[in-house]
Amino acid sequence: MPTATLHIPVLLKETLDAMTILPGGRYIDCTLGAGGHAEAILQRSAPGGQLLGIDADPTAIALAQESLSSFGNSALLVNGNFAELSQICSRHDFKPVNGILFDLGLSSMQLSQNGSGFSFQHDAPLDMRFDPNQTISAADIVNQYSEAELARILFEFGEETHSRQIARLIVRSRPLYSTAQLASLIESVVPKHSRIHPATKTFQALRIAVNEELQHLESALGQALELLGHGGKLVVISYHSLEDRIVKNFMRRESARCLCPPGLPQCVCQHQPRLKLLSKQVVVPSLAEEKANPRSRSAKLRVAERIISSQEWPEAARLFHVSAGRKSVTARKSSKKRTCFNTVLNLN
Ligand SMILES: C[S@@+](CC[C@H](N)C(=O)[O-])C[C@H]1O[C@@H](n2cnc3c(N)ncnc32)[C@H](O)[C@@H]1O
């Protein structure tokens with residue numbers, strides 16, 4: 001693969017700092033990609049650190065398998081969707097954990113891969129699936145959905161103000177099979193006002209719809225909470241406002257002391273915060289990073305810390321005993337392992 005297509009990890013130092021990586025800790029990278037963040041996490045968590053890396057794209061897994069081979073059994077790589085995070089972790093007995101990372105969207109390799117159909121820069125079939133086994137592709141949406149449904153997708157997932165005109169033209173011009181066909185169609189209705197290509201929002205919207213990105217993110221964030229031990233960090237890097245809004249609202253809701261509607265004389269919801277916000281402001285790339293890696297320009301990092309309240313404690317303690325029990329032989333052999341479990345639940 002040419003160097004130009006290799007993915008440069010975004011906000012790398014900021015991510016590692018936010019995750020407060022500890023030697024011997026256990027971490028999950030839900031969006032492994034080329035393994036850039038994962039490699040740095042493994043380096044910082046040595047000795048004894050473990051990383052579970054997940055990616056929906058089997059090509060990314062193969063690439064990361066190569067780049068992380070020197071870490072041996074410390075890196076466990078799984079081809080799967082982070083919407084199935086709990087199941088994946090149960091299957092591999094990988095909980096509780098000290099930190100979970102989501103670096104959302106797609107990698108530079110996917111964007112530049114001929115044939116993936118993610119970009120209008122290369123002519124390719126309208127595909128856009130992270131996982132090639134997934135049934136619905138961008139061509140299915142473009143050629144089979146109703147005009148109203150297409151307009152909704154373009155408006156909701158692309159914030160495209162010309163959604164209706166584009167949807168009408170798509171329906172009139174069907175069948176459409178290639179990225180170049182779709183891009184030139186859009187160019188004919190969307191005026192070119194800025195440096196951004198007129199097809200950018202439509203391509204983003206289709207990719208989000210094909211991969212059900214927003215639903216999967218919502219679902220995975222909830223699952224991540226169940227996997228983090230006390231003090232564990234949840235770090236999410238997003239690249240557009242729709243993802244960031246989901247992350248922001250999730251973190252706000254889970255860190256709130258009360259979710260009652262305003263105006264009630266006293267709290268009746270008994271909501272228990274499960275997260276503590278660690279940064280009020282989002283973390284964004286420095287000018288130097290933006291210059292060195294223009295793809296980082298829209299990145300926003302949010303971080304929160306898991307807190308396990310007394311009400312949740314019996315469940316957390318059960319989780320600890322189950323994990324510690326199963327690992328007891330190893331734990332006796334290795335004091336490092338014991339430190340890891342203790343750190344996860346902050347029992348030291
Ligand atoms: C921005 S890249 C991650 C790059 C990585 N942090 C690195 O340093 O190389 C995002 C990755 O997440 C994967 N991905 C996106 N949505 C996913 C999902 N729902 N489940 C699993 N992987 C997903 C994509 O296939 C892509 O490889």
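Buried residues account for 40% of the 348 residues in the chain. The model is predicted, and its secondary structure amounts to 16 helices and seven strands. Of the contacts in the chain between residues at least 6 apart in sequence, 69% link residues at least 24 apart.

**Ligand surroundings**

- The ligand is surrounded by 22 residues, and the closest of them are Pro9, Thr31, Gly33, Gly36 and Ala56.
- Two elements, α2 (36–45) and β2 (50–55), each give two or more residues to this shell.
- Sorted by class, the shell around the ligand holds nine nonpolar residues, ten polar residues and three charged residues.

**Alanine 205**

- Helix α10, which spans residues 200–210, contains alanine 205.
- Is alanine 205 buried or exposed? Alanine 205 counts as buried because it has 25 C-beta neighbours inside 10 Å, where the cut-off for a buried residue is 20 or more.
- Which residues does alanine 205 contact, once its neighbours within four places in sequence are set aside? These contacts are Ile153, Leu154, Phe157, Gly158 and Glu160.
- Phenylalanine 155 lies 50 residues from alanine 205 along the chain, and the C-alpha atoms of the two are 7.9 Å apart.

Key
Residues are numbered from 1 along each chain as its sequence is written. This is a predicted model: local features need pLDDT of at least 70, side-chain atom pairs count only at pLDDT 80 or more; totals for chains, interfaces and linings use all residues. Helices (H or I, at least four residues) and strands (E, at least two) are DSSP runs, numbered from the N terminus. A residue is buried if 20 or more other C-beta atoms lie within 10 Å of its own, exposed if 12 or fewer, and partly exposed in between; C-beta atoms are placed from the backbone. Two residues are in contact if their C-beta atoms, placed from the backbone, lie within 7 Å. A residue is near a molecule or strand if its C-beta atom, placed from the backbone, lies within 6 Å of it. Ala, Val, Leu, Ile, Met, Phe, Trp, Tyr, Cys and Pro count as nonpolar, Asp, Glu, Lys and Arg as charged, and the others, Gly among them, as polar.
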